[in-house]
2 protein chains.
Amino acid sequence: MKKILILLLALPLAAMAQPGDDAAVIKKISDEILRNGRAYELLYQLTKQVGGRLAGSPQFAKAIQWGKTAMEKNGADNVFLQECMVPHWVRGGQDKAVIIEVDKKKTSRELDVLALGNSLGSGTVTAEVLAVADFAELERRKDEVKGKIVYYNAGFDPTNVKPFISYGQTGIYRRSGPSRAAKYGAVGVMIRSLTESAANDPHTGAMAYMDSFPKIPAIAVGPRDADEVWILSRKSNFTMSMTTNGHFLPDTIGYNVVAELKGTEFPGQFITVGGHLDSWDVNEGASDDGTGVVHTIEIMRALQAIGYKPKHTIRFVLFANEENGLRGGTKYAEEAKAKGEKHIFALESDAGGFTPRGFSVGVNKEQMAKLQSWLPLLSPYGTEEFTNGGGGADVSPLMSLGTPVSELGPDQQRYFDLHHARSDVFEKVNKRELLLGAVNMAALIYLVDKYGL
Amino acid sequence: MKKILILLLALPLAAMAQPGDDAAVIKKISDEILRNGRAYELLYQLTKQVGGRLAGSPQFAKAIQWGKTAMEKNGADNVFLQECMVPHWVRGGQDKAVIIEVDKKKTSRELDVLALGNSLGSGTVTAEVLAVADFAELERRKDEVKGKIVYYNAGFDPTNVKPFISYGQTGIYRRSGPSRAAKYGAVGVMIRSLTESAANDPHTGAMAYMDSFPKIPAIAVGPRDADEVWILSRKSNFTMSMTTNGHFLPDTIGYNVVAELKGTEFPGQFITVGGHLDSWDVNEGASDDGTGVVHTIEIMRALQAIGYKPKHTIRFVLFANEENGLRGGTKYAEEAKAKGEKHIFALESDAGGFTPRGFSVGVNKEQMAKLQSWLPLLSPYGTEEFTNGGGGADVSPLMSLGTPVSELGPDQQRYFDLHHARSDVFEKVNKRELLLGAVNMAALIYLVDKYGL
């Protein structure tokens, strides 16, 4: 029993040297953000004055300048641009899908669709539709695929309490569905949008072709239209025409926007906080990932406003290209490695600006124990748990170099209503929820800066 | 040490007799609600087909019929109406406030305002405005009050992480502000709306006059207009005209709508679940309290759908008059007392249909310990805590009779954006968040039914 007692006592004492002081500093950070936070106004600028900003687009170039200026105006010790080549995919026109024949009778039922990001199209493909529930049904019916448009009806499982679990289960249909159908001779693919939204907006997002199969066009259909298509497919044969014009232009120069608050004790050791500046082209990129961008700037502003002098250098990074290439996050880690930088922690916000509930982390056991010991300091602001689910996409290349990483875990229920859809706009973000995300992230950064990880 | 060990082991064993079975039943309830839940469609009907439904209004009468039918169609063993007299306040026209003179120069700046519920008005009052930060300033300047319109700028403290704390702090300005100014001769009162919303919608809500002072008209002003008024008041003298026409018609007959699932072991012992059917007149009453109404019906539907046979009789109650009288909740407790009914638990949903986070409860220590022991069963669905803050308003009269009570505690950040404002509409409710509220409430009801409290 003695051993256990010592462990119980030793852990909090070691990790929380001055809990009273820490609570006071965190309260100061929280008050500053909730009272004077600029994140909401910054998000308005980014969404309404810059707008959708896919890597390579003119809006993306505008976003880089906006981000640099916003960093400079909000307390950075210095701001620099980190060059990296980014892909330049363009939608190339209005995506369209029309059911033109049902059981050999002509009709004209237009579906609300979006081409998948990175997909290639050069006009209209018309073919009979083979609707399947999932990959298992595709495999069973592979002999029927040739010459057809394959429709995957795989949707979110509504009984998963956490929608990110559902996204994990069905994301593969968007990423790999086209090539897996092309393998058996499909001429086009349509997927059910990855959402449980009650609205019909289609949801785009990145896909990737396997080089060994034809690069067929691929679209996502709105969930209400998907319901109809699925019902229709169970009783009728039907033919659809789908029109897409996605293509790649040559890679262009993009930039990570990086700001720093210089460390006073360990200026050569880095803590990274970031979000990604790029977004899909069809919306304002408010929750994906405008909220992460303004969380990042807000944390810097607030730490500077309360006069906090970090021990380590804190880097605030707006990553260049999360959505369809991860070139920004990859470049950031490459440079860190090339320069031999020591990165002690990296945190991203890329799951929306909803009420914060916790953090996903990619850490070892000792680090997890340390994080857990901080929960009493963080829980008054919303953080209930650290779950070992890795960090954000942009900091994952740093994780490969051994850096412990994390991602803010806001409430998940509304995220996939907006994710990659037209509905991802400023108006869907709540000011207080947004600010509280910054509060919890800033508090965690403060603790890591003070105690290490 | 031995004692502590035994305690640690004994508590969960006693309270969670068959944790595996309970987890399975709760999962079954959750799956049923998340897969087949009708709460969102019912909310659409109530908000769009019935609309705002203040007690005494024709829409309220329509809501009673709607509620009765919805209960009957969704699995009730029996449904009855419980008559109670309800107040019948009417707004009586368009509320208006205009700044007509600033520093003796004529102007015309219209403010977005709503008369407070229960306030009396009979046309236009024009007077100089005395703006005060709070009651303390009112008391200091009481000699300046006579003949003026008093404006209270008391707003939510943004540094409170939980907005219900702020509502607790400032609600008194709405309820008592008019009479406290009338005491010193004020001819009208305007309050800052009780919200932190970034929008300018004014927020109404109930006030009450003290009989000893004149019953002066009272309005709430939208928060952005409030900002302007406050700035103006610090540098200028200004005159305002305010027009309201609120008055009471004679009390009318209203009804609590009550449905039952009959108890198989203790049919004469009751568990109550409810929400309130009435709402303010200026909106659709979606989050206040359409969500509580449809939570209530959904829980009944789901328990019936999975074939659950409760040990105790479960009452599902749509209360008649929470907003400006509490006559429904009062009547329900009176009848319970008169009939000598044994009520073992009463739970209300009246804090919105946002992601559930926990329950507020009004219970004793032993009951709290029992509730806490159930957290591992509830936390997968969102319930993180039981906090001792009492139950919903409609079940508080039962609490006075000794019944342990509770209220669902959803995430609070968006509630006061909508509360009593025009913006409280169906579109602001998320389907999954709504359904998850019903899941957590149903799970708690199941545990109380099985183990008592």
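Reply: This is a predicted model. A definition comes first: two strands pair if DSSP finds at least two bridges between them.

Me: What makes β11 and β12 of chain B a pair?

Reply: Strand β11 (residues 266-276) and strand β12 (residues 312-319) of chain B share 8 bridges, in the parallel sense. A pair needs at least two bridges, so these strands qualify. In one of the bridges, B:Gly274 has B:Val317 in β12(B) as its partner.

Me: Which strands form the open sheet of chain B, and in what order?

Reply: The order is β1-β10-β12-β11-β13-β16-β14-β15, 8 strands with mixed pairing. β1 (78-90) and β15 (385-387) of chain B are edge strands, as each pairs on one side only. From one strand to the next, the twist averages 25°.

Me: Which strands does helix α9 of chain B lie across?

Reply: Helix α9 (residues 327-338) lies across β1, β10, β11, β12 and β13 of chain B, at about 135° to β1(B). α14(B) lies across β11, β12, β13, β14 and β16 of chain B, at about 160° to β11(B).

Me: How many residues of chain B are in contact with chain A?

Reply: 22 residues of chain B touch 22 of chain A. α2(B) gives the most to that side of chain B, with 4 residues.

Key
Residues are numbered from 1 along each chain as its sequence is written. Chains are lettered from A and ligands numbered from 1 in the order in which they are written. This is a predicted model: local features need pLDDT of at least 70, side-chain atom pairs count only at pLDDT 80 or more; totals for chains, interfaces and linings use all residues. Two residues are in contact if their C-beta atoms, placed from the backbone, lie within 7 Å. Axes are lines fitted to C-alpha atoms, for helices over the stretch in contact, and angles run from 0 to 180 degrees between N-to-C directions.
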